[in-house]
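The note below was prepared for a colleague who wishes to read this model with some care.

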Amino acid sequence: MKISFNWLKQYIALDISAEKTAELLTDCGLEVESVEKHETVKGGLEGCVIGEVKTKEKHPDADRLSVTTVDIGTGTLLNIVCGAANVAAGQKVVVATVGSTIYPVKGDPITLKKAKIRGAASEGMICAEDEVGLGESHAGIMVLDAKAKVGTPAKEYFKVESDYVLEIGLTPNRGDAASHIGVAKDLFAVLNWKLAENKFELKVPDINLEGFQNLQGLPKKVDVVVEDAGACPRYSGITISGVTIKESPDWLKKRLQSIGLKPINNIVDATNFCLHEMGQPLHAFDADKISGEKVIVKKCAAGTKFTTLDGVERALTSDDLMICSATEPMCIAGVFGGQRSGVSNETKNIFLESAYFSPVSIRKTSKHHGLKTDASFRYERGADPNITVYALQRAALLIKEVAGGSISSDITDIYPAPIEEKKISFSFHNCDRLIGKKIDREQIKRILQLLHIEIVTEGGETLLLSVPTNKSDVTIEEDIIEEVLRIYGCNNIETPFSVRSSLSYASKPDTEKIRNTISDLLCGSGFTEIMSNSLTNANYLELFPSAKGTEVELLNPLSPELSVLRPTLLFSGLEAIAYNQNRKNADLKLFEFGKTYASPPAPLHGERGATAFLEENHLALFLCGKKQSESWDSQKGSVDFFHLKSFADNILARLGINAEQVSEMSSEILSSGLSYSHKNKKIVELGFVKKSFLKKFDIKQEVFYADFNWDLVVELTKNSVVRYKEIPKFPEVRRDLALVVDRNVKYELLESLAFQTEKNILKNVNLFDVYEGDKIEKGKKSYALSFILQDANATLTDSTVDAVIQKLIKIYQEKAGAVIRS
């Protein structure tokens with residue numbers, strides 16, 4: 001939200017800088033994200049002066065150029081080459097001097113330098129209005145009034161104003177501060193509190209009620225019917241006739257331009273001004289386009305077509321509150337106007353609306369249609385229901401001032417159930433406890449008074465307070481304490497010198513310790529941890545059919561791209577890979593700890609009957625690209641499946657977990673891979689990510705993915721024991737065997753047979769070569785295996801080693817049909 005510093009000073013006389021104001025606002029909970037200088041003309045026309053063309057001669061070497069001398073009041077005439085056809089001696093003009101920077105309407109800034117143009121010296125520039133940002137025309141140079149004084153800075157002549165714009169990151173609970181007056185109220189409280197005296201006054205615009213007297217006799221041109229009082233608790237309106245649509249006066253345009261709004265016409269600008277002044281959205285209808293001279297506030301049938309001001313035809317939902325005429329919808333209430341009923345250049349009579357709409361209703365409609373407007377921004381946060389008539393009167397008088405016309409009806413105000421100020425009980429003791437400091441009771445009362453929170457009754461250590469309706473977020477005692485604290489100042493709460501804590505018992509296994517252990521292991525292996533949003537894009541589920549029907553959808557998503565809770569960590573990892581790939585960083589080792597979510601096929605119910613969702617903790621690994629960055633002394637090559645498998649094995653080994661079953665698999669995610677299981681529960685699945693997923697994320701290289709069921713991993717560590725042991729004193733012995741087996745015999749079988757045959761001194765089995773070719777029988781393949789044997793208590797003898805190898809040969813011949821190659 002943008003706040004103009006000059007505009008703000010209309011409501012509170014500030015004698016402090018914009019930077020100091022930003023600091024005070026941030027301290028009281030309105031975080032100022034930036035303070036930027038704003039000028040009604042970009043660059044402020046610095047270095048530009050009013051000059052008089054003394055002479056004009058044709059350029060000797062260019063037909064379309066003129067050589068002029070210009071007096072800018074320095075006593076020395078400037079030689080300036082000018083290409084404008086309308087330049088003439090005796091003219092008063094705008095001159096950009098050497099060293100100045102001008103900001104054209106189109107194009108980049110230009111810094112003036114001394115130059116020679118076709119051999120003629122040029123010491124500045126005679127400017128057209130578009131060249132200095134004063135207009136759009138480039139038909140020729142600006143010719144000023146003959147009374148313009150030579151040497152006057154252009155900034156003074158054109159009355160260029162400087163301002164500062166404060167960008168406030170307004171939180172959703174601060175609807176009361178969504179305007180210049182709202183911000184001024186917070187400043188009023190903070191400044192008067194810090195000074196301990198009421199030096200600063202709050203200046204809220206006075207309404208001249210004379211303009212609204214004796215209106216009862218006027219015929220109401222527009223009747224109003226509210227059919228949905230729940231979505232529209234209050235609706236006010238008035239008719240103004242005989243207006244003239246034209247450009248707004250400069251003061252009004254400058255106010256809007258300072259906060260980044262483009263002026264449209266005097267009527268629309270007046271309503272926008274009031275919105276940003278007091279936080280109450282208003283809407284002006286062309287009264288002559290309201291068929292039946294009747295406004296109906298209701299919800300239309302789902303699927304009803306409606307064209308908004310931006311020319312887009314939208315299909316309405318049954319939840320969309322609409323402002324309708326007797327025959328058709330005219331406006332999406334509190335969100336966006338309609339194309340047919342808006343103010344145009346031909347408008348003569350207007351119906352002005354000022355209403356209070358339900359924040360829930362507005363937010364649903366705004367989210368569904370993807371429409372974020374200044375009006376919806378304020379209604380969603382909770383506007384003040386009790387200023388609709390005040391805002392209507394303020395806007396009506398302003399419209400009369402800038403557009404003429406007369407008020408032609410009494411004020412319509414439909415407010416069947418007035419919203420009263422909330423009554424909240426406040427305890428000084430609770431305030432001390434939550435803030436952590438005992439604040440003087442009189443100081444607390446004074447802060448409440450500055451915040452316009454009325455003390456209804458006092459009783460010892462308790463107050464009964466009445467909270468203004470503009471503070472929609474203040475509903476309980478803790479909110480009152482927060483209001484007190486933000487004005488008192490968090491920086492004024494001393495840090496205690498003692499720390500009070502209680503001892504706590506951590507259950508085993510220690511999940512954080514286990515997680516940190518594996519994080520350290522992976523980081524030490526060159527991995528980078530990522531942390532992703534638990535929300536993901538529902539469109540991704542098209543690739544994941546098993547998640548359809550069990551996905552957890554948000555009732556009110558922030559955007560369509562963040563509408564479901566993720567059923568797998570794969571999507572966030574692929575997004576990270578695609579993001580890095582697009583920035584020329586394709587060699588990645590990533591891991592992420594996170595939760596996945598699903599709704600059970602049959603609803604689960606907790607003790608209170610609420611639907612329980614399934615949450616599982618997972619660890620995901622991602623590998624892609626090269627094993628190592630390019631270097632003259634590094635081994636080249638890309639990551640592969642076995643590279644990933646080694647990391648998965650290391651994780652299980654580090655935690656002392658032995659997978660009982662290892663089997664080949666494929667799934668919706670993996671085209672091929674391995675699955676490690678324990679008692680038929682999957683510990684981890686790893687393999688090649690399917691091409692369809694890579695195509696969806698526009699990833700142009702192979703990606704390897706491992707998905708650990710982290711809850712099961714942690715559970716299995718309860719029974720795992722990791723012990724350190726002494727390095728054996730006696731040497732290892734290696735023996736190799738080359739086996740010819742059927743093509744369908746897997747290495748997994750040979751490895752398991754080896755460890756079943758020799759359980760004492762066989763330490764490791766490794767496959768170091770596989771051969772299929774014309775040198776062996778068709779349908780066969782050759783495995784080259786190495787066996788590492790070691791006795792922890794003695795040096796192995798040849799006879800012992802040979803006996804083991806003979807047992808292995810025999811079992812391979814019997815169980816695998818192997819033939820030993822010599």
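The numbered points below take these topics in turn.

1. Confidence. The structure is a predicted model, and the chain has a mean pLDDT of 90. A pLDDT of 70 or more is reached by 97% of the residues. Where pLDDT is low, the predicted coordinates should not be read in detail.

2. Salt bridges overall. How many salt bridges does the structure hold? The count is 41. The next points take up individual pairs.

3. Asp-63 and Lys-58. The side chains of these two residues form a salt bridge, with a distance of 3.3 Å from N to O. Are the two partners buried or exposed? Asp-63 counts as exposed because its relative accessibility is 68%, over the 50% cut-off. Lys-58 is likewise exposed, at a relative accessible area of 54%.

4. Glu-380 and Arg-363. A salt bridge joins Glu-380 to Arg-363, and the closest N and O atoms are 3.3 Å apart. This pair links distant parts of the chain: Glu-380 belongs to helix α8 (residues 374-381) and Arg-363 to helix α7 (residues 359-369), 17 residues apart. Glu-380 has a relative accessible area of 14%, which is under 20%, and therefore it is classed as buried. Arg-363, at 26% relative accessibility, counts as partly exposed.

5. Glu-702 and Lys-691. In this salt bridge, the closest N and O atoms are 3.6 Å apart. Glu-702 lies in the loop between α16 (691-696) and β39 (703-709), while Lys-691 lies in helix α16, so the pair ties together parts that are eleven residues apart in sequence. Glu-702 is partly exposed, with a relative accessible area of 30%, whereas Lys-691 is exposed at 56%.

6. The largest cavity. The structure holds two cavities of 30 Å³ or more. The largest cavity contains about 70 Å³ of space. Its lining is made up of Asn-6, His-38, Glu-39, Thr-40, Glu-161, Ser-162, Asp-163, Lys-254, Arg-255 and Ser-258. The elements that contribute two or more residues to this lining are β2 (32-39), β12 (162-168) and α5 (250-258). Of these, α5 gives the most, with three residues. By class, the lining of the largest cavity has five polar and five charged residues, and no nonpolar ones.

7. The second largest cavity. About 30 Å³ of space lies in the second largest cavity. The residues that line this cavity are Lys-42, Gly-43, Leu-45, Glu-46, Thr-101, Ile-102, Tyr-103 and Val-132. What is the make-up of this lining by class? The lining of the second largest cavity has four nonpolar, two polar and two charged residues.

Methods:
Residues are numbered from 1 along each chain as its sequence is written. This is a predicted model: local features need pLDDT of at least 70, side-chain atom pairs count only at pLDDT 80 or more; totals for chains, interfaces and linings use all residues. Side-chain values use heavy atoms; hydrogens and water are left out. A salt bridge is a side-chain nitrogen of Lys or Arg within 4 Å of a carboxyl oxygen of Asp or Glu. Buried means under 20% relative accessible area, exposed over 50%, partly exposed in between (1.4 Å probe, protein chains only). Helices (H or I, at least four residues) and strands (E, at least two) are DSSP runs, numbered from the N terminus. On a 1 Å grid over the protein atoms alone, a cavity is a set of points where a 1.4 Å probe fits but cannot get out, and a pocket is an open set with protein on both sides within 12 Å along at least five of seven lines; lining residues have an atom within 4 Å of a point. Grid points are joined across faces, edges and corners, and a volume is the space filled by probe spheres set on the points. Ala, Val, Leu, Ile, Met, Phe, Trp, Tyr, Cys and Pro count as nonpolar, Asp, Glu, Lys and Arg as charged, and the others, Gly among them, as polar. pLDDT is the predictor's confidence in each residue, from 0 to 100.
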